Amino acid sequence: MSLATDRPRLLVTRRLPPAVEERARTLFEAELNPADTLWSAGELVERASRHRADALLICLTERLDAGTMSRLPGSLRVISTVSVGTNHIDLAAAQARGIAVGYAPDATTAATADLALLLLLSACRRAHEHQAILRSGQWGAWNAWNNLGMDPGGKVLGLVGMGRIGRAVAQRARAFGMRIAYHQRRRLSPELEDGAEFHSSLESLFRASRIVSLHTPSTPETLGQINAQSLSWLPEGAVLINTARGDQVVDDDLIAALRSGRLAAAGLDVFAGEPAFDRRYLDLPNATLLPHIGTSTVETRDRMGMDAIANLEEFFAGRPLRWPVG
Ligand code: DGY
């Protein structure tokens, strides 16, 4: 910590909502990034060293791999990320250096679940296609047979991952009359399942589901889990929703399934390598595409920032992190 002040020294890597930055300034000797420049790993290390940072407040745009982690200054004791995803942080490398890592899982739940439902409804009702028809001036007379969508009611929604967000999606989908099934490594307690049907394998879940939504973190196990084989387990005319991470999908295989019509539609908020993404998605009328806005609401971004700061506050008060990773 600084000799001039007893406040811990914090480097904030991205611009955050005003109330969050204000809190950071109040509690810490904080260096902010008002221009919201995306720093390279080298710049981040350089700034953290120059600031003699005790703590980092980062976002999912900062990739802290083992190499970067090893170059961060010796003063650094804790990292908190304004995200539920932690795949941008090499947790083993942080642990090896004795750096505590916190995140902001709870704050992201409702907004992400809302967005999954938005994509699900858009995909089922072909909202994106219909909007394109209207915008291009091709709206003809009402008819009873063309461009029909599908009712979500009565369909089985297969949730891949039934953590906080998966369960919040289930809660919302039940209001649309959907039946809930899920797959993850461990079966939930009956109370948390709330009537959802557990499947011990992805194959069994996919064979039983008409609509599938991904809510798993990015890990070596989930990497590319949506591929030609797993898509072939889905019934003809199924729908895929992804608000988790893009690297869980093999783009070639999903695009082929959407092109052939085997998959009726997809709703995607996340992409491998974003903000770059496979441009072939743009030619698919049956894909609703959003630029990773799962948590983009005023309330959610405020709370994510405050929760991430709460981790740091607890740490420097000598208490366990509010939301420790792992
Ligand atoms: C997260 O918090 O990991 C989300 O993907 C951000 O929207």
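**Entry: the model.** I worked from a predicted model, in which local features need pLDDT of at least 70 and side-chain atom pairs count only at pLDDT 80 or more, while totals for chains, interfaces and linings use all residues. I kept in mind that residues are numbered from 1 along each chain as its sequence is written, and that side-chain values use heavy atoms, with hydrogens and water left out.

**Entry: cavities.** I looked for cavities, each being a set of points on a 1 Å grid over the protein atoms alone where a 1.4 Å probe fits but cannot get out, and I found two of 30 Å³ or more. The largest cavity has a volume of about 40 Å³, where a volume is the space filled by probe spheres set on the points, joined across faces, edges and corners.

I then noted its lining residues (those with an atom within 4 Å of a point), and for the largest cavity they include Ser-122, Arg-126, His-128, Glu-129, Pro-285 and Asn-286. The elements that give two or more residues to this lining are α5 (105-125) and α6 (127-135), helices being DSSP runs of H or I with at least four residues, numbered from the N terminus. Of the elements, α6 gives the most to the lining of the largest cavity, with three residues.

By class, I recorded four nonpolar, four polar and two charged residues in that lining, counting Ala, Val, Leu, Ile, Met, Phe, Trp, Tyr, Cys and Pro as nonpolar, Asp, Glu, Lys and Arg as charged, and the others, Gly among them, as polar.

The second largest cavity also has a volume of about 40 Å³, and among the residues lining this second cavity I found Asn-242, Asp-251, Phe-271 and Tyr-281. Its lining divides into six nonpolar, two polar and one charged.

**Entry: a pocket.** I turned to the second largest pocket (an open set with protein on both sides within 12 Å along at least five of seven lines), which holds about 480 Å³ of space. Of the 17 residues that line this pocket, the closest to its centre are His-130, Trp-139, Asn-143, Asn-146 and Asn-147. The largest share of the pocket lining, four residues, comes from α6, and the lining has seven nonpolar, eight polar and two charged residues.

**Entry: cysteines.** I checked for disulfides, meaning pairs of cysteine sulfur atoms within 2.5 Å, and the count came to zero.
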